[in-house]
Amino acid sequence: MKLELLLSGQLFFSALVTGAVYVLIGLGLNLVFGTMRLLNIAHGEMAMIGAYLAYWLFALWGVSPLVSMLLAAAVTAAFGAAVYKGIFRGLLASNMTLVRLEANSLLVFLGIAIILQNAAILIFTGSPRAYQYMDTMLHVGGVALTQNRLIVLLVAAVIGVLITLFLRFNIYGLAINAFIQNRQAAMMMGVNVDKIQLMAFCVGFGSAGLAGALLSMLEQVSPYMGFSFTIIAFVMVILGGLGNVFGGMVAGLLLGILETYGVAFTSPSFQLVLIYGVFVLVLVFRPEGLASMGRRL
Amino acid sequence: MGLVAALFAAMAFVPALGNEYLRSVALSLAMWIALTESWLLLSGLTGYLSLGHAVFYGIGAYVGVLLWGHVPLWLAVIIGGAVGGASALLVGFPVLRVRGPYFVMLTFGLAELVKYLVTWIEAGLGQYGRIVVGPPSLNTLFYFMLALAIAATCLTHVVSRSRVGYALRAIRENEEAAETAGVPVVYFKVFAFVASAIIPSMAGVVMMMRTTFFEPAAAFDPVVSFTIITMAMIGGRDNASGPLVGAIFLAIVSELLWANWPQVYMIVLGALLVSFVLFARDGLVGLLLQKRKASAT
Amino acid sequence: MRKLWLAALSLAVVTADASSQSAAPVKVGFSIARTGIFAAGTQTSLNSYELWAERVNAGGGLDVKGTKRPVQLVWHDDQSNASKAAQIYEKLITSDKVDLLIGPWGSPASLAIAGVVERHQFPTVVGAASSVKLREIKAGNIFFTSMVFPDKLAQTLADILKANGYKSAAVLTVQVPYTLEIKSFLVPNLKKAGIDVKVDEGYPPMVRDMTALLLRVKEAAPDAVIVLSFPADTAIYMNQARETGINAPFQFNLIGPTREWFPKQFGAHANGMVTIGSWHPNKAEWPKAKPFYDAYTKKFNEKPDYSDAILGYMACEVLEEAVRIAGLDKNALRKTLASATFDTLTGPVKFQGVENVATPTGLSQYQNGQLEIVWPPNIATAKLIRKGAAKP
């Protein structure tokens, strides 16, 4: 591929947007996974719920996804709270071995994901839906930017910054961070375990709903969309390091860049082999994630 | 165990009934038993949950479709099993160093990686789906699969009761302690991994003759992995009779439901999964054993 | 007196009731993927089957050689699993004892059930399935209505490009069997027609970003961009091609543009896109087309997709006609299916071996928000136009 194409702003913009999408999707998973080591396979389904909300609000009343994404976040956060209080509070408090807990949580979330996906099929039918919103082009310095893609990039950046600040400066954020770093120590320091866990659930689930609502501008909404989101989120969490929110964001961006530019060096059909190959290698050789060398946020 | 033998004997008589539909149901049942029993050998005993067992099934299917027409069925089955086992051996050592949720994701990632590798290879070869022309009769396939189911059950049963089985369970309960106590943990884990790979690969070969159309996305379908885990959870994952109970139970539920209300079936499945993980961790077999204990006292 | 009157009344009621219910229903069986990887694409086929059954029953029932009997659909979810489909057809034949069979959705499942229906000598008509491998199995009991068999489609694309004087093309293919099959015929056909294939690339099914690929295409500046895509990647192409600035006058997406969400998502940008499709609701030669369109839109609150929904309905119409002529006897049905010409909502259907040779392989193009048939010329409703430059 010609060098000028490789260095083109167009490709760079695309890579950034793809990365931003990944960051949005994976953000919340790190919180749940990091604080409680729970494998939330239903993460993608939260995004699906958010996406459907945004779609229907737009289709019926013309509500902009930028507005409905906040509503979506609230709805899925509430769902998260319900799931936590109903199921996981008890599970976490029991003195199960950590390995067992992780395994069991995986299966519970799997069950929840199956229920949600099929409920969606029953309610909405399996046909994909889409709408047209903000798809005019802006031209900046020779690069064409579709408005909705630009918005996604900007929102992802804002949210990324907000969450980073939250974890650094807010009292609850610091507590969550402490929890992620060393659960036992945090508990001994008097951190309110229940509150933190609930918060992690709410923020984690809520951010997925928000991501889904936002992404409904770019992608088709169907009951089956959740699964691929979940996979991406997990890949990101692994690459960035368990519980390392900032690392996860970096990983998301890198993943977007890898996907977009990787095509230039290998054939496009090799793309997924490349990504999963990296995923597997990271898990085998450095399960703590690529960003684990040294500082954590 | 007597019940188990009776069950297999009953299944062996199904072809004599002459009802083709029942025969195909029995074939399906035998397949799930074979797959789940093999899975148990690894994940039930060692606690290393494999979420990618479909990879061995897919490998078997690929071997099957490539060899068909060139070698007789029994040879293809053996070669399929060998390839599956060899693959497990190849990646076993690095893969089994990874623990807990990382292992779960790794197995899933591996399955997807192999799927995309095969997709890439097939596309590169200009292939767009291979078919099996003139497959063996349903009866032949059924008996092969029944043999595999019996073999898998016996293998799991024998290993589970043997010293190897106790070592594997020790690994599940506390791997560090087992290691300190001098158990060659790595070799046992790899053994379980390889042993759990062979029969699913063979099952893949047999089922390929039934499907007659090889397509990577369908052969390496993650739903297979999820179904195996669900059956094991519902049936009971510490006992060789668990998968049998799980497979039959699901077969009955599915006969009643998926035929006409597929989404309801899936929702029930999800709900069952959640309930069993939360309330009946040792599955139906566990419940039955508890009842027997309670009535005995 | 009153007793007699009551007796007469009840007799009248009973006989009236009996005459409308004396005919046992005709059971029409099939399997379809309602869960699993294909589920997203099968809804429209199922809709068509249901619509057909409703229409037939509203008209008094299925005409079985003169006697009208109500139609009852008997179907099961094959979970996108070909071996499950085979299992279901065995069940339909031996246990549910259906009278008629419609095929499953998709080529893999159709291949899997071909053996089953052949063994039972049970003629089956299939809607949405089209792989050349289906010819290889040389079955005598399965009939495919589809007109988009890969080799025919490949030839059609080469023909339309040549006829319009386009000299170069880029071919992008998603890596699933159907599209790979089409590509294997398309590239040689294009070359034979003297068209320079400047880009020939494949991409994986779950791709999220095609920018690098599209930049390469833009650089090559071909006359035609042919994307053998499935719905998800069609959407990605549509968005990213505009952003990248692809201005080729001929742009083709295989599957997606006929679906009802396509114009909703892309609005005016949908115009000019070419896709498969040889059906139009307003063609005077096809009187059954408009009633189908109206009924479908009314019942499901969305427009039918111009490919799968049509194929599904065609299969039903073929069966309906065949049963009217031959009744329910399998041998008579098979003979009729193999030899007769059927009139459907898309014109005549006739089978040669397993394939429908009467319906032309057509291409349609979005013009002014409507799908128009642009090829072949003898059924076209509009002329092919150049895709306008991407407007901001």
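1. Let's start with one pair of residues: Ser31(C) stands opposite His76(C), which belongs to E4(C). Helices (H or I, at least four residues) and strands (E, at least two) are DSSP runs, numbered from the N terminus. Before going further, please note that this is a predicted model, in which local features need pLDDT of at least 70 and side-chain atom pairs count only at pLDDT 80 or more, while totals for chains, interfaces and linings use all residues. Residues are numbered from 1 along each chain as its sequence is written, and chains are lettered from A and ligands numbered from 1 in the order in which they are written.

2. Which strands pair with E1(C)? Strand E4 (residues 71–77) of chain C runs parallel to E1(C), and seven bridges link the two. Strand E5 (residues 100–102) of chain C is also parallel to E1(C), joined by two bridges. Here, two strands pair if DSSP finds at least two bridges between them. Within E5(C), Leu101(C) is the bridge partner of Gly29(C).

3. Is E1(C) largely enclosed or open? Strand E1 (residues 26–32) of chain C has six of its seven residues buried, so it is largely enclosed by the rest of the structure. A residue is called buried if 20 or more other C-beta atoms lie within 10 Å of its own, exposed if 12 or fewer, and partly exposed in between, with C-beta atoms placed from the backbone.

4. Two residues of chain C deserve a look for their backbone angles. Most residues other than glycine have a negative phi, and most peptide bonds are trans. Gln79(C) is not a glycine, yet its phi is positive at about 55°; this residue sits in the loop between E4 and helix H3 (82–95) of chain C. Lys97(C), likewise a residue other than glycine, has a positive phi near 50° and belongs to the loop between H3 and E5 of chain C.

5. A cis peptide bond leads from Trp375(C) to Pro376(C), with omega near -5°. You will find Pro376(C) in the segment after strand E17 (370–375) of chain C.

6. Lys283(C) has 17 C-beta neighbours inside 10 Å, so it counts as partly exposed. Beyond its neighbours within four places in sequence, Lys283(C) is in contact with Ala289(C) and Thr381(C); a contact means that the C-beta atoms of two residues, placed from the backbone, lie within 7 Å. Ala380(C) is 97 residues away from Lys283(C) in sequence, but the C-alpha to C-alpha distance is 9.4 Å.

7. Chain C is divided into domain 1 (20–148 + 284–356) and domain 2 (150–276 + 362–375), with bounds that come from an automatic or database domain assignment. Their C-alpha centres are 30 Å apart. Where they touch, domain 1 of chain C gives ten residues and domain 2 of chain C gives eleven residues.

8. How many residues of chain C are in contact with chain A? There are 32 of them, meeting 35 residues of chain A. Elements giving two or more residues to this side of chain C include helix H2 (39–58), strand E9 (196–203) and helix H9 (231–244). H9(C) gives the most, with seven residues.

9. On the other interface, 28 residues of chain B are in contact with 29 residues of chain C. H2(B) gives the most to this side of chain B, with five residues.

10. Finally, a word on confidence in chain A. Its average pLDDT (the predictor's confidence in each residue, from 0 to 100) is 83, and 94% of the residues score at least 70. Residues 293–297 of chain A stay under 50. Where pLDDT is low, the predicted coordinates should not be read in detail.
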